[in-house]
Amino acid sequence: MGGLSGALNTWYAANNNLINDSGLNAILALSVFVMLACGLLSLASPAYMAIGAYTAALLSNNTGVPFPAQMAVGALLAGVVAFVLGLPLLRLRGVYLAICTVGFVAITQIFFNTWTPGGGGNGISISAATTTWQIYLILAILCFLLWRLEGSALGRSLAAIRLDEEAARSLGIDTVAFKLGAFALSGILAGLMGVLYARLHYYIDPSTFGFDTALSALTYVVVGGSLTTLGSPLGAILITALPEWLRALNDYRTVVNGLILLAVILFLPGGLVELPSRLRRLIGAGARRLRRSPETRG
Amino acid sequence: MLQQVFNTLINASIYALFAMGYALVFGVLDILNLAHGAIFMLGAFTAVQAVLGWHWPLVLAIPLGMVVGGAVGVVLDLVAVAPLQARGSGFLTPLISTIAAGIVFENISLGLFGPDAYSFPTSVFPQTPITIGGAVVQPVDLFVIGLTVCLMVGLTAMLRYSTLGKAIRAVAANRLAAQLLGINVARVVAITFFLASALGALAGIFYGLELQDSISFNMGGSVQLRGLAVIVVGGMDSIPGVMLGALALASSETIGITEIGSSYTDAIAFGLLFLILIVRPSGILGRRGSRVV
C-alpha cells in the first residue's frame, strides 16, 4: 500500500506539468466539440480562453475576488462574447465559419498584444492557485454533463442540426437558438479553461492564444473522435502526452508524432474511441478465418 | 508614394501565388490544404540549398524548388487526402490530415536544416537599383512581380482553353459526372495538387528572395493566415478574385504600417476579412455555388 502510493507520488512529481496540461487541453477540446456537435467548425476557442485568462489575471492582481468567483466571471464573460460573436456568424458554414473564427482569434490576439492593462506583448504575472484535482474534478463534471446531454432530447436535436439543418428546422427545432447556445457553451468552457490555465502557469502572454492553439484543439477532437463526448478528452490527453512518451526517439519524435496523428486520421476515421470496436472486428475476422481454414483444407 | 505602390505589389505577388494554391485545391476538392504553408517552406529550402550547397544558378534553382514542392504536393494528395476522399469523409478529416502532414514536413526540415534562418546570397541577382518615376526598385522586385503576372495570365488561359484545364474544371464542377465522361479524376486531382504546390513553393522562393533571413522551418505560419484572408476576401471562385484579394490585403497592410503603426497591420487585415465574410460570405468577386476553376 505504502509502496503503491509512493510510486504514484513519484510518478506524479515527475509528470505533474503534463498531467495538468492534459486536463486543461481536454476542457479546451470540449469547447470545440460542442460546436462540432451541431455541425459548426469553430476555431475561436483560444480567443475565449484568452478572455478567461486575462479576467483571472486582472481580478487576482487588482481585487480580492476569490478563485471560484473568478472562474464564474471568466466563463460567463467568454460565454457572452461567444454568444455575441455567434449572432453575425450564424449564416456561415463549413470552412467559411472556420476561417472567420480564425480571423476573430487573430484580432483578439492583436488586441491583447497592445492592451496595456494586460501587459501587452510582455504578458502579465499571476499568483498560482489551480491544482490538479480541481482540473480533473471540473473535467469529470463537464464530461458527465455533456454525456448526459448527448443522450437527451437536446442532444438529439443538436445531432439533427449537424446531419441536416433544413430538415431539423422543418421538424420544429429552433436551429438559431441551438446554434447560439452552442456558441455560448463553447465560450463558457474555453473561458473556464482560460481561468484555470492562467492560475496554473503563473504567467500569460498573447502568443499562447493564437492559431496554433486553435489547430491543436481541433486536432484533439478529431483524433479522439468528434461524434462522442469522451473522444475529445481522450484525444487531448493522448496527444498532449504523446511527445513525452516518444522522448526516447530524441530528434525524430516530432516527426513520429505527426506520423501517428496522420495514421489515426487515415485508419480510424471515427477517431480513437473507435479503436476497441475496430480491434474486436479485426480479431473476430481473424478467428473466423482460422476456424474456416481446416474445412477448406479438408 | 510610388515606392509604397511597388512594395505593395511585391507583397501582393507573394500572397497571390500562395493563395492560388489554396484556391485551386479548394476549387477541385472542397478542402483546405493546411500543409500548404509547409510546402511554401520546402520550396524555399530546396532552392536555397541548390544555390548555397550545390552552387546552382538561380534560374535552375527556382524550377527545382517548384518541382520538389509540386512532387511533395502529389505525395500529400496520395497519402493524406485521396484515401480520405475515397471514403467520402467530408472536409473535416482532410483538414486534420493535412495539418498532421504539415507537422511532419516542418520537422523533417528542422531535422535537415536545423532551426537557423537562411537567405539567398545577394550575388544571385544584380544589385543595381532601377529608378522608375521616383521609386527605387531592385531588379529582383521586377522579376517577382513580372513572373507572377505572367503565371496568373498563363494559369487563366490554361484553365480556360487547354484540355487539362477543361478536365480540371469538369472535376471541380461535378466529380461523378467527370468520371462518367471518362476523365481520370484521381490523375486530375494529383495534377491540381502538383500545380497548386508548385505555385506555393514559388511563393516561398520569392519570399526568401525579398526578405533577408526569412527561410526557416516555420516560415509558413506567417503566410498561412494571410493566404486564408486572400481567398476569403477575393472569393474562392476566380483567379481575378485571388489577385484582387491579394492586392487588397497587401495595400491594407501598407496603409496600416504607414498610417497607424505596424502593430495594428494584422488587425486591419483580419478586420477586413471578418467584415467581408459577414457581409459577403462568397467574397468580393465570388459567386455562390461556383468555384475557382
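How many salt bridges does the structure hold over all chains?

A: Happy to walk you through them. This is a predicted model, in which local features need pLDDT of at least 70 and side-chain atom pairs count only at pLDDT 80 or more, while totals for chains, interfaces and linings use all residues. Residues are numbered from 1 along each chain as its sequence is written, chains are lettered from A and ligands numbered from 1 in the order in which they are written, and side-chain values use heavy atoms, with hydrogens and water left out.

Over all chains, the structure holds five salt bridges, a salt bridge being a side-chain nitrogen of Lys or Arg within 4 Å of a carboxyl oxygen of Asp or Glu.

Let's begin in helix α7 of chain A, which covers residues 165-170; helices here are DSSP runs of H or I with at least four residues, strands are runs of E with at least two, and both are numbered from the N terminus. E165(A) counts as buried because its relative accessibility is 13%, whereas R169(A) is partly exposed, with a relative accessible area of 41%. For these words, buried means under 20% relative accessible area, exposed over 50%, and partly exposed in between, with a 1.4 Å probe and protein chains only.

R169(A) has another partner as well: E166(A) forms a salt bridge with R169(A), and their closest N and O atoms are 3.9 Å apart. E166(A) also belongs to helix α7 of chain A, three residues from R169(A), again about one turn of the helix.

A further pair is R278(A) with E274(A), where the closest N and O atoms are 3.9 Å apart. Both side chains count as partly exposed: R278(A) has a relative accessible area of 30%, and E274(A) has 22%. Salt bridges with shared partners also build a network, which joins E165(A), E166(A), R169(A) and K179(A).

Helix α12 of chain A runs over residues 275-297 and contains R291(A). With R288(A), R289(A) and R292(A), R291(A) forms a positive surface patch. Patches are made of residues with over 30% relative accessible area and no salt bridge; like charges are joined within 9 Å, and nonpolar side chains (Val, Leu, Ile, Met, Phe, Trp, Tyr) within 5 Å. Lys and Arg count as positive and Asp and Glu as negative, without His or the chain ends, and each charge is placed at NZ of Lys, CZ of Arg, CG of Asp or CD of Glu. R291(A) is exposed, because its relative accessible area is 58%.

Now for the chain around these residues. Chain A has 12 helices and two strands, in the order α-α-α-α-β-α-α-α-α-β-α-α-α-α along the sequence. Its C-alpha trace spans about 85 × 60 × 40 Å along the principal axes. For 298 residues, a compact globule would have a radius of gyration near 19 Å, and the 21 Å of chain A agrees with that; the radius is taken over C-alpha atoms, and the globule rule is 2.2 Å times the number of residues to the power 0.38. Of those 298 residues, 50% count as buried.

M1(B), L2(B), V5(B), L9(B), I130(B), I132(B), L142(B) and L247(B) form a nonpolar patch with about 640 Å² of accessible area together. The elements that give two or more residues to it are α1 (2-29) and β1 (130-132) of chain B, and α1(B) supplies the largest share, three residues. I130(B), placed in strand β1, counts as partly exposed because its relative accessibility is 35%.

As for the overall build of chain B, there are 11 helices and two strands, running α-α-α-α-β-β-α-α-α-α-α-α-α from the N terminus on. The C-alpha trace of chain B spans about 55 × 45 × 35 Å along its principal axes, and buried residues make up 56% of its 293 residues. The radius of gyration of chain B is 19 Å, in agreement with the value near 19 Å for a compact globule of 293 residues.

Key
Areas by Shrake-Rupley, 256 points an atom, 1.4 Å probe, with all protein chains shown as cover.
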